[in-house]
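Here's a quick look at one residue and the helix pair around it. Have the viewer open as you read.

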Amino acid sequence: GMFTGVFSVGWYNQKRRDTAQSTQLIDAPDTAYGLVVASTPRFFDAICDYFVEAASKESDFVDSCVDHHLKRVLEACPPGTTWQNLDRPPYLHSQTLSHVAGIDVHVEPTECFGDGEDQGAWMAELVEELKEERDETMWGGAIDKVFGLNIHPRYGGWYSIRGLVVLPADVQPSEPITQSEMKLDLAPEALRLIIREYNLRPDLSYWRDIPNQSPEDKYDP
């Protein structure tokens, strides 16, 4: 129910410096390496088992279950390793973390068109719908912004970034680790539908579905 990706702290921090005015940086040397820990729909079974077995029923038993598994990862790591539940402060940018760790693919609206396809009309129509659906007092100047998102080739949007493990800076791999990029084999029209649902009706979670997805790789309705 969980999977990981390896990354360099410098990859993440530099991305935040370039795109987000150096906000939400990891407080560790850029030369350090870490693991991003993500969960799949099968993690729900682990949560249920943890709740049943826990001596006390914490109100935040989902977070407590994540903590439990992160601590198990920590047992196999060298002294000085730190860990963080990403649902707790200090908050980091999960989409940037998962992208630099190579465990999903970031898709921008402009990347949802094939050669020769006109994106102008589609974007204009979506922007008008966003203006009608979004509350201007909440969205302000971003009321007409079309956001990109991260997608997993197998799980679509049915996964969560749960935790972060950062190794001491003096613990280095025997061979250099290069930043990996996962491939996403989805047709442009499928990507446009995901982008549309993500921006217009994110709470309904239709954007999480990808074509021909196995029922085991998503949550039951």
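## What Asn-199 touches

Leaving aside residues up to four places away in sequence, Asn-199 touches Leu-130, Arg-134, Lys-145, Val-146 and Phe-147, where contact means heavy atoms within 4.5 Å. This is a predicted model, so to speak of local features takes pLDDT of at least 70 and side-chain atom pairs count only at pLDDT 80 or more, while totals for chains, interfaces and linings use all residues. Residues are numbered from 1 along each chain as its sequence is written, and side-chain values use heavy atoms, with hydrogens and water left out.

## Burial and polar partners

Asn-199 is buried at a relative accessible area of 5% (buried is under 20%, with a 1.4 Å probe and protein chains only). Its side chain reaches the backbone nitrogen of Phe-147 at 2.7 Å, and a polar atom of that side chain sits 2.8 Å from the backbone oxygen of Ile-195.

## The helix pair

Asn-199 belongs to helix H7, residues 188-200 (helices are DSSP runs of H or I, at least four residues, numbered from the N terminus). The axes of H7 and H5 (residues 119-133) come within 10 Å and cross at roughly 20°; axes are lines fitted to C-alpha atoms over the stretch in contact, with angles from 0 to 180 degrees between N-to-C directions. The two helices are therefore roughly parallel, a label for angles under 35 degrees.

On the H5 side, the contact is made by Trp-122, Leu-126, Glu-129, Leu-130 and Glu-133, and on the H7 side by Arg-192, Ile-195, Arg-196, Asn-199 and Leu-200. By class, that's five nonpolar, one polar and four charged residues.

Key:
Buried means under 20% relative accessible area, exposed over 50%, partly exposed in between (1.4 Å probe, protein chains only). A polar contact is a pair of N or O atoms within 3.5 Å; within protein, one must be able to donate a hydrogen and the other to accept it, and residues adjacent in sequence count only if both atoms are side-chain atoms. Angles under 35 degrees count as roughly parallel, over 145 as roughly antiparallel, 65 to 115 as roughly perpendicular and the rest as oblique. Ala, Val, Leu, Ile, Met, Phe, Trp, Tyr, Cys and Pro count as nonpolar, Asp, Glu, Lys and Arg as charged, and the others, Gly among them, as polar.
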